[in-house]
Amino acid sequence: LAHVLGFLPPEDIMRARLSIKLRDFATTLIVPPSDYRVRRYKVMEAMAKSLPHMQQITIDNLGFGQKYADGVDPNEDRVKYTKDHITRDITILKRFKKLRVLELNDAPLNGRYAFLFKLPLLQKLTIVSMDCFKWDVFMLSGLLSLRELHCEGSGVSGNIKDLRILKDTLEKLNMHNCCGIEGDFMTLSDFRRLKMLDLGGASGIIGDVRKIRIDDDFQALEEIHLPKGVIGGKDHEFQFICEVADVMLALHRLRQRIPTISRDCYWKLSSASPEWYDVDEYDQYPVPPFIISFVQAGPRVGWRWLSPSRPRIRLNRARIRVDTQSDRGGSCEVNWLDKEPVGRSSGYTTYNQEMQSIETEIDLYKGYYRPPTADEYKQLCICKEANTD
């Protein structure tokens, strides 16, 4: 029976319980993992009684007018809104002793539920679209077998240093847009099994990519996404121009080890920087080149400072998007990170062709490998205007 029922999903096992013997056997069967979504509470009650050894469950929305019992410290507005809803018992999950995969997806949970973080066999936890569900990073200390944590924008708080108890088990960590967490991402640098790290949009995360030791840190990592608060993270705003070169070199070296890191990212000089200056919105001068991006010609990779094409967009008032050649209003010289390919080498022809396109974008800032000072910028614009006339 184990060989037969062991290959069936939960729904089919329930249908196969045609005799008392099969029903009794089902209560001891370890059900193979399958994506079973609970949308009706009575079904979960039946599963808890008949298949208590299920390994995977998704707790979904129960439908209008139903909710699970409020937890500790619930959202009071939600409590008032749902006071007349039918209340269900979420602690029924305790009956599933072999649970290894749990997903909470738009489930009507409100507050903190400590027992959900005391499942000793749980290996994968997913929490998405859970606006009123509250939990703290330290609560993961009760999930010592956890390999994967996927949590996007939920009510999580705490410091990621409390993840260190999972140092020897965690393989995937996705806390994208979790703005309630804080800490230095380098706290996780010695997680020897960590393959995926996504902290994008987590505004409380800090750190510096220059501190990553290429030969020692994040040894298993295959994918990484860092937020704006990390020096070198996506959309980071630099305070000083002199910082940029070392950061871009560090990112380049990291990408050489982890090729999946995208170069389609942009950074910029902060409007709070003492080196930042504005341009009069009524002038026809281009916006100063305060955007930073990677550039590639054939096999050769470098980086450069760019200015957007529309002169009246202010960098301190709007997000600048530079994603196509036509959006670029000018470029400084390229700071190359690789050696120039030699003739007859692989990619040399492509390198020459793409270099021609890159050089056409270097006009006003020719000879400048970094943004000109405010005085230099004004002089360049005056000379350009005079030559045009």
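This report describes aromatic ring pairs in a predicted model.

## Basis of the values

In this predicted model, local features need pLDDT of at least 70 and side-chain atom pairs count only at pLDDT 80 or more, while totals for chains, interfaces and linings use all residues. Residues are numbered from 1 along each chain as its sequence is written, and side-chain values use heavy atoms, with hydrogens and water left out.

## Aromatic pairs and a cluster

Rings of Phe, Tyr and Trp (its six-membered ring) are paired if their centres lie within 6.5 Å; planes under 30 degrees apart are stacked, over 60 edge-to-face, and the rest tilted. By this rule there are 12 aromatic pairs. The rings of Phe185 and Phe218 have planes at 5 degrees and centres 6.0 Å apart, so this pair is stacked.

Ring pairs also join Tyr113, Phe117, Phe133 and Trp135 into a cluster.

## The Phe185–Phe218 pair

Phe185 lies in the loop between strands E11 (181–184) and E12 (196–198), and Phe218 in the loop between strands E13 (205–208) and E14 (223–225), so the pair ties together parts 33 residues apart in sequence. Helices (H or I, at least four residues) and strands (E, at least two) are DSSP runs, numbered from the N terminus.

Phe185 is buried, at 0% relative accessible area, and Phe218 is buried at 2%. Buried means under 20%, exposed over 50%, and partly exposed in between (1.4 Å probe, protein chains only).

## The Trp336–Tyr351 pair

With ring centres 6.4 Å apart and planes at 65 degrees, Trp336 and Tyr351 form an edge-to-face pair. Trp336 belongs to strand E21 (residues 335–336) and Tyr351 to helix H7 (residues 348–360), so the pair ties together parts 15 residues apart in sequence.

Trp336 is partly exposed, with a relative accessible area of 24%, whereas Tyr351 is buried at 3%.
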